[in-house]
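I opened the notebook to jot down what I looked up here, step by step. Have a look along with me.

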Protein chains: 2
Amino acid sequence: MSLSQPYLLFLGDAPDALAAKVAQGVKDWRPEASVGQFRLPGCNADMGLPDMSVAEAAAVGAKTLVIGVANRGGVISDAWKEVLIEALNAGMDVAAGLHALLRDQTELGAAAAGSGQSLYDVRLPTVHYPIADGKRRSGKRVLAVGTDCSCGKMYTTLAMEKEMRARGMNADFRATGQTGILITGDGVPLDAVVADFMAGAVESLTPANDDDHWDLIEGQGSLFHASYSGVTMALIHGGQPDALVLCHEPTRTHMRGLPHYPVLSLDDLRPLALQLAQIVNPDCRVTGCAINTAALSEAEAEAYLAETEARMGLPCVDPFRHGAGRLVDAL
Amino acid sequence: MSLSQPYLLFLGDAPDALAAKVAQGVKDWRPEASVGQFRLPGCNADMGLPDMSVAEAAAVGAKTLVIGVANRGGVISDAWKEVLIEALNAGMDVAAGLHALLRDQTELGAAAAGSGQSLYDVRLPTVHYPIADGKRRSGKRVLAVGTDCSCGKMYTTLAMEKEMRARGMNADFRATGQTGILITGDGVPLDAVVADFMAGAVESLTPANDDDHWDLIEGQGSLFHASYSGVTMALIHGGQPDALVLCHEPTRTHMRGLPHYPVLSLDDLRPLALQLAQIVNPDCRVTGCAINTAALSEAEAEAYLAETEARMGLPCVDPFRHGAGRLVDAL
């Protein structure tokens, strides 16, 4: 898996900004990787990149169209296919992390074959993972766990990697989802791994390492999310974290995709996540909270962070807004 | 999926009785289904059925050779293949629930094609499951959760189904593993389902039903087992149990397959499993304990059950040894 850059970020008909979190991640963490964005009518997401047609992107050198939008269920619509075929015929590869695979779309396979371009389904595991053995291994690991899905876990671990590398520390972000894999070019598409091998896949992703090395493991799902909690559990038990960073979005009124479930609190998450992590690593500690304050004003954010920090007795920051320095200090 | 009976139970070179739990389950819950057992040299399991060669089993009418032994990792050895090919050539189907698929073994595929017999891989999901929506649904559900893998969860729910049906109650055992599927001919092979769809598969298996209907959901793994805890979590959140039955094997010194992990107690399991279940069903209750006392004498078993019942304040029985009546009473 090695995607050619630069990218054209495809936002499709994303109904809201969260639906385009793949594109947002690429834009935020590899801003030099994309020449522009492509949007269909009705798209409500905007990366702040130049809007381009496929022909315009090809003319300025785009090598890969990256599908930066995720639909629940992951369907590739006919409107999308038209654009993807145009990109293949214009000499670009196409990469995606959707449940529905590019390679399974007959028209796309034909267009790729005809143009000599490649289809990359980063969602699909490409190796056979082992069953987890639960053995302790050298090196240190941080895992981000959230009160909900899509509340900033990937951003938190990417920001910590950036900060640790800037300090000369030995640290690697470990991607467990399609956005992270598209950003780093490597990782485990955990939600597409067969159940029995989930924890083993996480062990493979975070192997024994130097004593001073830190893995920054991207979290997935939430222990409180009925649809995906099993994936979160496998991350906790496969990742054997030494440190947990709790992630939260304070304006969310219900669990993402589950309008009948309220979002629980950091106070609920802390003891549960720690208890589960200590089953595999009794030395695990909760070291900080990462709050996604994107929906709050600066003053609201500071007030919320101060109140939360006082209540939790832990460093509480928005790593995207204010940097991850204090989360790294706490390690 | 509809297997032809009677069976020849294949025990292979099972290193111990636990490795042959598939065969044991078929033998215990559908004793009329098998004409005999087939054992290779070195087999340490025994179902108490007549030992037969393939030819002898065919002569007394066996229709399907059922692989009743599971290896960690699920490899089909050359010694096994010889026997399976002999069975196909003798006019039997072959059914298995292993990770390694019968259909992927070239020699078996050829022998099946040549003989006109079928290969059944009950481990493989045959439908596409949805993502869980977490909505409450009508009917009642019991889920068995264990302190470890292989500690009696399937037996407990099968025994409760038997007892409830004997009382004229409206109840169905819901299989989530290969043994259960081989016994009932239906179910979800949960450990082979892709991570994102685990909880949705459990929702599909236990749909809305009559208000007086009970699903008896077979448990898998353990919240305390590093390799498989994610599967257990998906069962709790997909199954939305109204009642949890805690399962335990009191002589186990370490977690199955993980010699560096001690087995935790029912007292550890109770609050954790209940807290997680109440995320999706606030009315969930722990209603009893099922103790696998197979390794204890009658006197030891009675003493252990009495002590545990007094400590937990819940009905504590060995459903296989003493019946599931008190577990059903507690519902």
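**Chain A, then the pair**

I began with burial: 58% of the 331 residues in chain A are buried, meaning under 20% relative accessible area with a 1.4 Å probe and protein chains only. This is a predicted model, where local features need pLDDT of at least 70, side-chain atom pairs count only at pLDDT 80 or more, and totals for chains, interfaces and linings use all residues. Residues are numbered from 1 along each chain as written, chains are lettered from A and ligands numbered from 1 in written order, and side-chain values use heavy atoms without hydrogens or water.

Next I looked up the size of chain A. Its C-alpha trace spans about 55 × 45 × 45 Å along the principal axes. A compact globule with 331 residues would have a radius of gyration near 20 Å, and chain A agrees, with 20 Å; the radius is taken over C-alpha atoms, and the rule is 2.2 Å times the number of residues to the power 0.38.

Then I turned to the two copies. Chain B superposes on chain A by a rotation of 180° with 0.0 Å of shift along its axis, RMSD 0.1 Å, by least squares on C-alpha atoms of residues with pLDDT of at least 70 in both. The two copies are thus related as by a two-fold rotation axis.

Where do the copies meet? I found that 98% of the interface residues of chain B are also interface residues in chain A, so the copies meet through the same surface; contact means heavy atoms within 4.5 Å.

Conventions: Buried < 20%, exposed > 50% of the residue type's maximum accessible area, 1.4 Å probe, protein only.
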